[in-house]
Amino acid sequence: MTWTTFHHRGEILRTVIELADLRRDGLLPMDAPGVRDAFGDELTLLGALHLRWHTRLSGRLEHALMNQPLDDADAVVAAWRATADELPGTRLVLDHYRDHPL
């Protein structure tokens, strides 16, 4: 993957996340411009969204544990809630396809 392709794919993923946040229907926005060219199919796009979710969640969890290292349970809950607030459409998509696999 070239550097240009990598950045183009990132832009399309940001568009997908924005659409998922707007629609909040739990469905992959495969109709977004460039999605099929950049990701090919639903499973690849779902994998990219899953990676984005876990990357954001992991960062929030690490930050929370740095500030309150002895409060594991609260740190996990706070990180999960903050990530869900930041990526609500993505969370709905992941939940939908967990219940209705491709």
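Reply: Let us begin with a term that will be needed later: a salt bridge is a side-chain nitrogen of Lys or Arg within 4 Å of a carboxyl oxygen of Asp or Glu. Please also bear in mind that this is a predicted model.

Me: Understood. How many salt bridges does the structure hold?
Reply: The structure holds 7 salt bridges. Among the residues involved, Arg-91, Asp-95, Arg-98 and Asp-99 are linked in a network of such bridges.

Me: What about Arg-91, buried or exposed?
Reply: Arg-91 is buried, because its relative accessible area is 14% and buried means under 20%. This residue lies in helix H5. Beyond residues up to four places away in sequence, Arg-91 touches Trp-53 and Trp-80.

Me: Let us step back to the whole chain. Which helices and strands are there?
Reply: The protein chain has 5 helices and 0 strands. Read from the N terminus, the order of elements is α-α-α-α-α.

Me: What box do the C-alpha atoms fill?
Reply: Taken along the principal axes, the C-alpha atoms of the protein chain fill a box of roughly 45 × 35 × 20 Å. The accessible surface of the chain comes to about 6,600 Å², and carbon and sulfur atoms account for 57% of that surface.

Me: How much of the chain is buried?
Reply: Of the 102 residues in the protein chain, 33% are buried.

Me: And what is in the largest nonpolar core?
Reply: The largest nonpolar core has 24 residues, and Leu-28 and Leu-45 have the most contacts inside it. The elements that give two or more residues to this core are helix H1 (3-23), helix H2 (35-39), helix H3 (42-67), helix H4 (72-86) and helix H5 (88-99).

Me: Which residues is Leu-28 in contact with?
Reply: Setting aside neighbours within four places in sequence, Leu-28 is in contact with Glu-42, Leu-45, Leu-46, Leu-49, Val-93 and Tyr-97. Over the protein chain, 60% of the contacts with a separation of 6 or more are between residues 24 or more positions apart.

Me: Glu-42 is a charged residue in that list. Which side chain does Glu-42 meet in a salt bridge?
Reply: The partner of Glu-42 is Arg-36, with a separation of 3.4 Å, N to O. Glu-42 is partly exposed at 28% relative accessibility, and Arg-36 is also partly exposed, with a relative accessible area of 43%.

Me: What about the bridge between Arg-23 and Asp-31?
Reply: The side chains of Arg-23 and Asp-31 meet at 3.0 Å, N to O. Arg-23 counts as partly exposed, with 36% relative accessibility, whereas Asp-31 is exposed, with a relative accessible area of 55%.

Me: How many charged side chains are there in total?
Reply: The protein chain has 11 positive and 16 negative side chains. The centres of the two sets lie 2 Å apart.

Me: One last topic: what is the phi of Arg-24?
Reply: Arg-24, in the loop between H1 and H2, has a positive phi of about 50 degrees although it is not a glycine. Most residues other than glycine have a negative phi.

Terms used: Residues numbered from 1 in each chain as written. Predicted model: local features only at pLDDT ≥ 70, side-chain atom pairs only at ≥ 80, totals over all residues. Heavy atoms only, no water. Helix = DSSP H or I, 4+ residues; strand = E, 2+ residues; numbered from the N terminus. Buried < 20%, exposed > 50% of the residue type's maximum accessible area, 1.4 Å probe, protein only. Contact = heavy atoms within 4.5 Å. Areas by Shrake-Rupley, 256 points an atom, 1.4 Å probe, with all protein chains shown as cover. Charge placed at Lys NZ, Arg CZ, Asp CG, Glu CD. Core = buried A, V, L, I, M, F, W, Y, C linked by side-chain atoms within 4.5 Å.
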